[in-house]
Amino acid sequence: MHIVDRRLNPGGKSLPNRQRFLRRVKDVAQRAVRESAREKDIKDLGKDGRITVPGDGVREPRFSRQPGTGHQDYILPGNKTYVEGDRIERPPGGGGGGGGGAGEGGGGSENSEDAFHFVLTREEFLDLFLEDLELPDLAKRRLALVETEGLRRAGYTVSGSPANLALSRTLRNSMSRRIALKRPKLEEMQALEAEVARARETDDPGLPDLILKLEFLRERSKRIPYVDPIDLRFRRFEPYPKPIAQAVMFCLMDVSGSMTEHMKDLAKRFYILLHIFLTRRYKHVEIVFIRHTDRATEVDEETFFGSRETGGTLVSSALVEMKRIVAERYSPDDWNIYAAQASDGDNVSSDGPTSTELLRAHILPACQHFAYLEVGDENGPRAGFVEHRTTLWRTYEALAKAGEPLAMRKVNHRRDIYPVFRELFGRKDAKAEA
């Protein structure tokens, strides 16, 4: 269904301005959602919430007069200072105008502004927050059994909504019918009318026959309409199964003794955000949770986020576990494989070559995208590359420089989780615009 708004533009406003206003408000709301999400607790992610948008961000542009320019005529009855024709200087700064953002009484400061507070539902919150995110390089290998429905053109039908009227096909049917039924042409009738007029002027004896012929053509033209209901054709749409590419996301989290509670909180916030993103945006994406110390195990979602475990660190154990699961359940020929790893960067020095070989020979060739998030101490610098490089960072950095599909980021504060997440899983066109 198509809705056409034919209402006139209100005074001082135009349709392009209205469209720009809607786009600007959406951007402002998105920024407000992301700012509010930064301070949410883990348990509150994905819930509805109250956001604040400044008044200047939602004000629609419009044309108005500049109060400090131009000429205006006033009538000042009963004054003893001015006479007709006197020119009065305007107050400095355009004073004397109506109230503005400072309030009607003019007592507010110039920088004061109104703010709009409103509550978004969970659906609205997630739609704005996850709009420009996607899994990188999602390829349609073997298509999943789960399907969704789309709409596609399926010819024409004799009934339907006026919005779907196929004008060209309707006029073609009308022309074919008029030609087949020999409907009189307008030029033919006009020529005959001119001939009747000349016959009347010259008292031609054949005038009655011409009049009868003209009446016959007019009557036939009325019986054969220009457009008949049987000519109408409407565009037809039908649902069709739309296959979905299947994908799997491996979540690898370091829970060794070197991971402080702050680091684990950062990692969990990242994975909860990733879980919300995947379950919200994709219909057929499986998630595999792997926790590791010096040993790695596949766990369920509750254990992954809630279990308390400690021990030494051996990153290759998680990679070996991921390799085993891929070989048993997720063939790279059939699945889009992704991995996201969170760690403090601590690893046994002797484990570096083993991890490098596993990544280069088995993990990265099977992955569409591998994201590594290094969580640091709360007193460390903000997100970005740091001068001090951990053992695991140096291992992964060498692979990234070799052109492997591996993205690396580091965070130290809760406020950095969301910008880094958007860098890792932002849509390509959104990244290009940024």
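Helix α6 covers residues 261–281, and its 21 residues reach 30 Å from the first C-alpha to the last, close to the 30 Å expected at 1.5 Å a residue. That expected span is 1.5 Å times one less than the number of residues; helices here are DSSP runs (H or I, at least four residues) and strands are E runs of at least two, numbered from the N terminus. The model is a predicted one, where local features need pLDDT of at least 70 and side-chain atom pairs count only at pLDDT 80 or more, while totals for chains, interfaces and linings use all residues. Residues are numbered from 1 along each chain as its sequence is written, and side-chain values use heavy atoms, with hydrogens and water left out.

So how does α6 sit? It's largely enclosed by the rest of the structure, because 15 of its 21 residues are buried (under 20% relative accessible area, with exposed over 50% and partly exposed in between; 1.4 Å probe, protein chains only). Take L273, which is found in α6: its relative accessibility is 3%, so L273 counts as buried. The C-alpha atoms of L273 and Y418 are separated by 8.4 Å, though the two lie 145 residues apart along the chain.
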